Structure formats: C-alpha cells, structure tokens
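Subject: Structure handover

Hello,

Here is the structure we talked about, for your own work on it. My notes on helix packing follow below it.

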Amino acid sequence: MAKKKQLAAIIHLGSERVTMQLIEYTDLYAVTILDEASQTVRLGEETFKTGRISTETMRALIDILKGFRRLMKDYGIKDYVLEATTAVREARNRTFFLDQVLVKTGFVMDVINLPQEIFRKIASLSYHLESHKKKVEHKGGHLLVDLSSGAMGFTYVRRGEMEYQQNLHVGLIRMKEYFTRNEQSSIHFGEALREYIRANLFPVMQELENKPVESMFISGVESSYLPRILKKKPDKKGLIKVGAGDLEEILLRLRSLSPRQLTKVYALSEEEADLVLPAATLYEELIRAAGSPFVYIVTNRFIDGIRALYIARQKDPAFMAYMQSIQMSQIRGVARRFGTNLVHVGLVADLCEAIFKTVAKSEGLDGADLHLLRAAALLHGVGKFFSLRAGKLYNYELIQATDFLGFGPDAQQTIASVSYLFSLPSPDALSPEAYDREISATPAVAKLAAILRLADALDVSRKQKITGCRTVMKENQFRVIVTSREDLSLERWTFEKQSGFFEEVFGLTPILEQVER
C-alpha cells in the first residue's frame, strides 16, 4: 500500500533572511520541495544595535509572511512550522511582534533559544550524513563550529560521546558592531579584532589544547559564499573537504582584501564582504588551535534541520532516538565534568524508566516526559560538586544556567525543578511557596520527582546491588520487584522513607520485593 503524501510549510525567520520551503513528504528521506521563497532582511543588524524591531521592519516582515500565506494557499497547504532565532529572541519588543504576526497573518511563531538552534544544525548535518544509520567506529575527535550573525557554538564529539559543548553570544555581526566605523577603518583594526576574538574564545582554546581533533566542521553564514571562493561544489552530503593548510592560505588572502575588492573579485554582496574579515580571522585561530588536518565546510542550511526534526517527530523514531542520544551524551558530559558517579546515575535513569513505563499511560505521561526524567536522573547530583550542604540549590542553578542542546526554557525548568524536588527532605507538591526557589511544582513535575526519589533509593549505597527490576501496578499498590543476591537493608529502609511522596502524588502505595535469581 502506497504511503500517504503529506504537505507542510517549513519557515525560518533568521537574522538576515526569511525563508519558506513548501514540501511534500511520506517519510524523512522521501521529501519533495515543491517551492521555495526567500527574502533578505536586515533584522539582525537592527536588533543587535537597538535591541528592538522597528515598526517599519515589523511591517515589512508581516508583508513577507502574508505573501507566504498566499503561496501556501495556492498549494493547499495548512500545516506549518515557523521558527525564529537570535534576532527575534533578543528583541525587547518581541512579544508585540509575535502578537502582530499572529493577528495579521495567523502564524504562531516559535522563538527558539541558542541551544535549540545548535541542535537543529546538528540535526541538519546528521540528516545528510545519515548518522543514525551508522555504527560509531572512529576514535578521533570531531569539532563542529557553527558561526551565525549573533552567536557561535562549539561542539566536540569523540567515540560517539559529546565531551564538550559551549555557546557564545558573539557572532559575526556582533564582532563587527563592537567596533565603530572609524575603528574599522584604522590600520590597527585587524590586530585589534584578532585580540578581541582570542579574548572571547580563551576558554574554548584552553579546552581544545587537550582534545585531539581529527576533523573540523564549520557551518553558518559563510557557507553561502565559501564554495564560490573555493570554486568547489559540495558532495552529495553537502560537505566540501579542504586541507587545513590550504584553507588557511585562502583565509589569509581574503583578509588582505578590502570589502570593495571582495565584492569585485569574488562577486560577494556588500553584506557578505563586510563579514569576511571577522569570519576569516576567527577560523584562522580555530584551525591553529584544533590542529585538524582537514576542514569540512557544511553547506546544509538551518532550514534543513527544522524540516528534518518536523518530519522525524512524525515519521522516523530511529532518527529522533539518535538525536535524543546526542542530548543525553551532552548531559553525561556535564555530569562527568562535575564529578558525578556515572554508573550510579545511569542505573538510576534505567530504574526511573522501569517505574515510569508502568504508570505513564494511566497518569497522562508520554515519551517527552520520560526524556526529561532521564535527564534529571543523570543530573540530580551535580550540585554536590560545589557544596554538599547546599547541593540542591547549586543543582537547580547549574541546570538552569547550562546550555543543553535541544531543550527549550520550559523543558530545562522542568529538569531543574525535578532535581530540586528530589533533593528536598520531604517535598510537598501542594505548597510551592515553601520552597526557597521559584520552581515549577506542577503535578507532572511532582510525578517525575517522585519516580526519581524512588529509583535513587534502590541504589542509595552506590553499589549497584540490583541486577534487574520490574514493576506491577494493581489496585492501590505499586510493587517494585528487584533482582539481587545482596543485603538490601539500606535500600529497603530508604525506599520506605521515600515512599510517602510517591504515595501522595500517585495515590499508590509502593512495596519493595526482592527475588534472588
């Protein structure tokens, strides 16, 4: 039986361009782009300078989106995803802009944060490389550098594990706008820019000193013109492979030309030419720091990542599982950095899942909740790195302050709140005013925290005495049947202490049973 074809519009409002793809698809790799519309905007430059979206720019963007609506109607397309990034996110009047867009176009616009941006770019690269279909065999490290108009991200992966991820709110336009026009015309500008970049990248450079980089991938705004300068076409996966030394020579040549010369020699637009110097200087510094023999220029676009995630959520659980594994890999890296016992929290996460799957359907919980619960389980002890006495406070603040790829503010708040509720001596889900932090104390958060408290109790000794676990829910009882040949006195007593909160939240009495097999 032939798969049913579906239609959708994928729209991205970026700092310099607003783009829409109209697609027809049956699965992740059976996609036809029916039409594409794109319009240049100067949104980033305006927002980064003034902190606001002007009325004139609002009107222009709304007119573009109205045009998109008409095109969608011509194709009979109703489903869509519309995401905005840095420029809208940082506009102080974005609430009014989002309301105007909704009222005048009918579009609901999602404004995503920087970690969600980087996640979509990794999704785009993974989609084209078909990473979720391959077994990780390489031993060397890979560094992904993403440079946009308003920010940059650094992601280091080795042996399939994300060992380092940091994002900076310093992008190409910000670098340029940091200096006045007079300063940019000075003969000392090039060296001052290099020192400015080195100062901002110092923590990243320090981290790279001890990490072998087999290959470096660069993506972002420069990928639109670098292929023209290199006179190379991307391969089927959207990559252009260049020797690091060869690329350094090209970057040096680019830095020696003025913006006017760049527009003539390489047919760049004025906007592109203005950003060449900061981009070239940044990449020179990173190539030298990484020491990678090869650099891959990623020509895949941000909108490809939005499209891949939109379709995969409906059609491709294997791809989504792979992307979630990337998230968990980063979380394990954060936990490792702060001295967490990974064996313990890994077991707790598995025990959480065993408990969760038994209660999920009856309690209105879903796969997204399980993903957040596993994240909280891996991170529930990181605050003790800073203070054993005030670990719960540091735990909450650290989770809130860390960029976790793909998690929005609400999801991050949930993870932090679950971790905080877990650490309280006797949490009361009905009295959030009693907490010394403004946490999210919704019933769903309380349920996840209750599960985590019960699961952690089963390995409170950190000795991994339990080798198996299954759970049974019957009438008003919740039986946790564990396999172990060891003395579980400490685990049993702790389990009983933690049972009260679980019983209050779920209305079920937890009972621990031990079997020896």
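Ten of the 13 residues of helix 17 are buried, so the rest of the structure largely encloses this helix. Please keep in mind that the model is predicted. The buried positions in helix 17 are D369, L370, H371, L372, L373, A375, A376, A377, L378 and L379. Their cover includes helix 15 (317–337), helix 16 (342–363), helix 18, helix 19 and helix 20.

Helix 17 and helix 19

The axes of these two helices come within 9 Å and cross at roughly 50°. Angles from 65 to 115 degrees count as roughly perpendicular and those under 35 as roughly parallel, and helix 17 and helix 19 are therefore oblique to each other. Their crossing is right-handed. On the helix 17 side the contact is made by L372, A375, A376 and L379, and on the helix 19 side by A411, T414, I415, V418 and S419. By class, this contact of helix 17 with helix 19 has seven nonpolar residues, two polar and no charged.

Helix 19 itself

Helix 19 (residues 409–423) is mostly covered, with twelve of its 15 residues buried. Those are A411, Q412, Q413, T414, I415, A416, S417, V418, S419, Y420, L421 and F422. They pack against helix 17 (367–379), helix 18 (391–401) and helix 20. At 1.5 Å a residue, helix 19 should span 21 Å, and its end C-alpha atoms are 21 Å apart, which agrees.

Helix 19 and helix 20

Helix 20 covers residues 443–457, and its axis comes within 8 Å of the axis of helix 19, crossing at roughly 50°. Helix 19 and helix 20 are therefore oblique to each other, and their crossing is right-handed. From helix 19, the residues T414, S417, V418, L421, F422 and S423 meet V445, A446, L448, A449, L452, R453 and D456 of helix 20. The contact of helix 19 with helix 20 divides into eight nonpolar, three polar and two charged residues.

A444 also lies in helix 20. A444 and Y156 are 288 residues apart in sequence, and their C-alpha atoms are 34 Å apart in space.

Helix 5 and helix 14

Helix 5 (residues 114–129) packs with helix 14 at an angle of about 80°, the axes being 7 Å apart. That makes helix 5 roughly perpendicular to helix 14. In helix 5 the contact residues are E117, F119, R120, K121, A123, S124, Y127 and H128, and they meet F302, D304, G305, I306, R307, A308, L309 and R313 in helix 14. The contact of helix 5 with helix 14 has seven nonpolar, three polar and six charged residues.

R307 sits in helix 14 (residues 302–315). With a relative accessible area of 7%, R307 is buried. Which residues does R307 contact, leaving aside its neighbours within four places in sequence? R307 is in contact with I10, Q21, I23, V31, I33 and Y127. Y127 is a residue of helix 5.

Regards

Definitions and conventions
Residues numbered from 1 in each chain as written. Predicted model: local features only at pLDDT ≥ 70, side-chain atom pairs only at ≥ 80, totals over all residues. Heavy atoms only, no water. Axes fitted to C-alpha atoms, helices over the stretch in contact; angles between N-to-C directions. Helix = DSSP H or I, 4+ residues; strand = E, 2+ residues; numbered from the N terminus. Parallel < 35°, antiparallel > 145°, perpendicular 65-115°, else oblique. Left-handed = near helix turned anticlockwise from the far one by under 90°. Contact = heavy atoms within 4.5 Å. Nonpolar A, V, L, I, M, F, W, Y, C, P; charged D, E, K, R; others polar. Expected span 1.5 Å × (residues − 1). Buried < 20%, exposed > 50% of the residue type's maximum accessible area, 1.4 Å probe, protein only.
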